[in-house]
Amino acid sequence: MKIVMALSGAFFVLYVLAHMYGNLKMFAGQEAFDSYAFHLRELGEPILPYEGALWLIRVALVGALFAHAGSAFYLWKRANEARRTRYAVKRAAAASLSSKTMRWGGVTLLLFLAFHLMQFTFHTFEVGGSFLGPYDRVYGAFQVWWVVAIYLAALGALGMHLKHGVWSAAQTLGLTSTPRAARHAKATAVATGVVVAGGFALPPLSILLGLI
Amino acid sequence: MRITLKIWRQASATAAGEFATYDLDEVSPDMSFLEMLDVLNEGLTAAGLDPVAFDSDCREGICGSCGLMIDGLAHGPERTTTCQLHMRSMKDGATITVEPWRGDSMTVIKDCVVDRSALDRIVQAGGYVSVNTGAAPDAHAVPVPKAKADRAFTAAACISCGACVAACPNASAMLFLGAKVTHLGELPQGQPERDARVVAMARQHDAEGFGGCTNIGECAAACPKEIPLDVISQLNKDLRHAMAKGL
């Protein structure tokens with residue numbers, strides 16, 4: 001169960017890194033960003049049909065999401081059943097904030113994911129006007145301060161989730177059996193969290209502050 | 001020192017428990033935590049009341065019998081066993097909450113005494129080395145590299161007190177399990193049964209109803225023997241190798 005969690009989590013890490021790289025194309029201008037979005041749909045052609053690679057990635061992501069959340073809820077349930085009588089007083093001696101917020105933080109990320117997909121993938125709603133191209137849509141949305149605030153909060157949650165998640169996955173896969181390896185895993189985890197949260201935060205902040 | 005104790009009283013495994021409050025006026029800072037409880041119990045006995053039940057044996061920090069949740073920390077605020085915790089670590093005039101280890105796999109027998117036989121059953125499932133009986137072999141007959149001997153010894157320091165389970169937010173016993181697996185897995189004598197051991201012990205751990213580890217690290221911080229968290233990584237690694245072999 002936990003290996004499933006670790007591997008699906010590792011897949012998400014790779015995906016968010018690629019996603020972040022794409023987002024940073026906002027800085028390269030409208031043409032670069034829009035053509036990037038368009039080329040994503042042509043990826044793998046002519047071997048794959050139009051949007052073929054995109055759909056393969058989407059199916060894999062949904063599968064990984066079910067595996068990741070499923071194993072998380074299973075572990076959550078098992079933890080609850082393992083201690084039905086709670087302590088009257090319980091203090092944490094070592095637990096980091098990120099480790100304590102994995103579960104509710106994960107649920108928060110799930111809610112954010114729904115919001116994010118409805119806004120930028122399904123276009124269920126649009127903020128800041130109605131747009132034709134992806135660049136305009138992103139640019140318009142992040143002119144609105146509360147959209148930026150929601151995204152920054154979610155990125156904070158994602159960064160924390162990654163900080164504990166990457167370390168935890170390394171531990172679960174048995175890659176941290178020496179103190180040196182454990183130190184490296186911790187450093188990698190912090191770096192992943194900071195890079196992902198920071199990299200994603202740059203475009204919205206720059207748009208709101210009028211830098212792009 | 002003046003101390004107010006809020007301590008868990010429960011007549012039997014099936015009875016409902018509750019906290020009882022006792023005031024102690026003449027506590028010496030040099031008393032151990034258990035000696036302070038002894039003083040409380042002498043007073044209760046003299047008054048014709050039932051003394052508070054708690055586990056203890058060696059009282060020198062090596063047997064693993066004692067273990068109380070003191071103000072929300074397993075074995076209290078110091079990195080040691082409850083018997084080696086002294087009252088000077090507490091504040092004068094403090095109210096101290098004392099609870100038994102909590103976990104559905106370690107149920108209360110009476111007051112602050114819990115049933116830790118689930119940990120014994122995990123060891124019975126594979127935490128041993130099968131050898132032929134007979135004369136003891138020479139101590140240096142089997143060479144063991146120093147680094148491996150050291151790591152095995154660090155893991156072997158586990159006294160099975162259960163503090164790791166008590167402190168774990170998931171009530172997982174994986175630090176305990178990891179210590180046993182690492183202890184035998186680092187030594188040449190432990191190799192023939194290494195794969196079967198880790199699978200059998202992990203299976204027993206789950207069957208006993210302990211929770212799953214989420215790598216929070218409370219266990220290693222509570223461990224009076226300072227067993228490091230990397231034994232859990234070793235456990236996961238050994239388990240992965242054994243599963244890859246189809247066990």
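**Close-up views of a two-chain predicted model**

**View 1. Helices H7 and H8 of chain A pack against each other.** In this predicted model, the axes of helix H7 (residues 145-172) of chain A and helix H8 (residues 179-208) of chain A come within 7 Å and cross at roughly 165°. Axes are lines fitted to C-alpha atoms, for helices over the stretch in contact, and angles run from 0 to 180 degrees between N-to-C directions. Helices (H or I, at least four residues) and strands (E, at least two) are DSSP runs, numbered from the N terminus. H7(A) and H8(A) are therefore roughly antiparallel (an angle over 145 degrees). The crossing of H7(A) past H8(A) is right-handed, meaning that the near helix is turned clockwise from the far one by less than a right angle. Their contact holds 22 nonpolar, 5 polar and 2 charged residues. Ala, Val, Leu, Ile, Met, Phe, Trp, Tyr, Cys and Pro count as nonpolar, Asp, Glu, Lys and Arg as charged, and the others, Gly among them, as polar.

Residues are numbered from 1 along each chain as its sequence is written, while chains are lettered from A and ligands numbered from 1 in the order in which they are written. Local features need pLDDT of at least 70 and side-chain atom pairs count only at pLDDT 80 or more, whereas totals for chains, interfaces and linings use all residues.

**View 2. Chain A meets chain B.** Here 33 residues of chain A contact 33 residues of chain B. Contact means C-beta atoms, placed from the backbone, within 7 Å. On the chain A side, helix H3 (52-82), H7 and H8 each give two or more residues. H3(A) supplies the largest share, 5 residues. By class, this side of chain A has 16 nonpolar, 9 polar and 8 charged residues.

View 3. Pro46(A) sits in the loop between helix H2 (30-42) and H3 of chain A.

**View 4. Asp71(B) has a positive phi.** Its phi is near 50°, and the residue is not a glycine. Asp71(B) lies in the loop between strand E3 (69-70) and strand E4 (73-74) of chain B. With 17 other C-beta atoms within 10 Å, Asp71(B) is partly exposed. Buried means 20 or more such atoms, exposed 12 or fewer, and partly exposed in between, with C-beta atoms placed from the backbone.

**View 5. Asp111(B) also has a positive phi.** The value is about 45°. Asp111(B) belongs to the loop between strand E6 (108-110) and strand E7 (113-114) of chain B. Asp111(B) counts as buried, with 22 C-beta neighbours inside 10 Å.

Note on methods. Angles under 35 degrees count as roughly parallel, over 145 as roughly antiparallel, 65 to 115 as roughly perpendicular and the rest as oblique. Two residues are in contact if their C-beta atoms, placed from the backbone, lie within 7 Å.
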